[in-house]
Amino acid sequence: MTQASEQAAADDVFDADTYAKAQDLISRYPQSRSALLPMLHLVQSVQGYVSQEGIAFCAKNLDLSDAEVSAVATFYTMYKRRPCGEHLVSVCTNTLCAAMGGDAIYEKLQTHLGSEEKPLEHNETAGTPNEPGSITLEHAECLAACDLAPVIQVNYEYFDNQTEEKAVALVDALQAGKKPAPTRGAPLTSFKGAELQLAGFFPEDAQQYRTDVDGPSQAVETLRGAQVAQDRGWTAPAMKDVPLPEVEKK
Ligand code: FES
């Protein structure tokens with residue numbers, strides 16, 4: 001496909017509202033190319049992945065080449081190269097979660113969403129992508145909630161202290177069209193809905209959304225170290241006042 005025909009295809013996929021959102025994003029940065037990361041999330045909010053048309057859309061709006069956009073889109077794991085399900089289920093299998101049961105949870109979901117004979121593989125979808133109840137499964141590296149291991153995210157919202165049974169009940173509910181409440185943070189939406197938020201566009205009830213997102217999220221486990229230190233009177237050693245090294249000017 002030529003660049004001109006790719007851009008014509010992009011115009012078929014992305015409507016006027018998406019173009020308006022793209023211009024809004026660009027206006028937030030001194031240089032248009034700086035808007036590439038949120039722009040890729042905007043693309044995913046429409047298509048559920050970064051397609052070739054999505055790459056052309058970003059390139060056209062940001063005055064970049066397709067190769068420059070592709071280089072970024074293929075570097076980060078949050079940009080999907082295949083259409084995602086209605087929900088993205090990420091199971092942490094990094095060291096701590098793995099030891100606490102994350103590996104077993106991932107294997108359980110692989111066969112539960114696939115079958116014993118054909119377990120669902122990393123980034124595969126149970127159901128038809130974009131259709132209600134479809135689920136893309138992935139294993140993820142540390143999801144930054146080790147104190148609440150093992151953890152799962154659905155569309156990047158946290159479900160803490162998981163077990164195989166809880167994980168199965170969670171995906172069953174998602175497949176049945178339910179939206180179970182995450183342990184903390186914003187209410188569950190869909191992968192595309194989460195992508196719109198990651199692009200920087202929030203639900204109509206912005207006040208409620210901020211209250212949910214900014215509300216207390218630390219658990220007893222999160223504060224245990226600080227509590228032990230306080231109980232025992234431990235403090236961090238004083239830092240020496242060492243001047244910062246000179247940085248060579250470029
Ligand atoms: S190892 Fe799973 S959240 Fe850190």
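N161 is partly exposed, with 17 other C-beta atoms within 10 Å, where a residue counts as buried if 20 or more other C-beta atoms lie within 10 Å of its own, as exposed if 12 or fewer do, and as partly exposed in between, the C-beta atoms being placed from the backbone. The model is a predicted one, in which local features need pLDDT of at least 70 and side-chain atom pairs count only at pLDDT 80 or more, whereas totals for chains, interfaces and linings use all residues. Residues are numbered from 1 along each chain as its sequence is written.

The phi angle of N161 is near 45 degrees, a positive value in a residue other than glycine, and N161 is placed in the loop between β5 (157-159) and α7 (164-175); helices (H or I, at least four residues) and strands (E, at least two) are DSSP runs, numbered from the N terminus. A positive phi, of about 65 degrees, is also found at A144, which is not a glycine. A144 belongs to the loop between β3 and β4 and is exposed, with 10 other C-beta atoms within 10 Å. The loop between β3 (135-140) and β4 (152-154) also holds P150, which is joined to A149 by a cis peptide bond with omega of about 0 degrees.

At the level of the whole protein chain, 10 helices and 5 strands are assigned, and the C-alpha atoms fill a box of roughly 65 × 60 × 35 Å, taken along the principal axes. Of the 250 residues in the protein chain, 32% are buried. Contacts are defined by C-beta atoms, placed from the backbone, that lie within 7 Å; among those with a separation of 6 or more, 64% link residues 24 or more positions apart.

The largest nonpolar core comprises 50 residues, of which M39, C58, V89, L109 and V151 touch the most other members; such a core is a set of buried Ala, Val, Leu, Ile, Met, Phe, Trp, Tyr and Cys residues joined through C-beta atoms within 7 Å. Helix α4 (residues 52-62) supplies the largest share of this core, 6 residues. At least three residues of the core come from each of domain 1 (3-73) and domain 2 (87-198), with domain bounds taken from an automatic or database domain assignment. When neighbours within four places in sequence are left aside, V151 is in contact with C92, C97, L143, A145, Y158, F159, D160 and Q162. In soluble globular proteins, nonpolar side chains tend to be buried together.

Note on methods. Contact = placed C-beta atoms within 7 Å.
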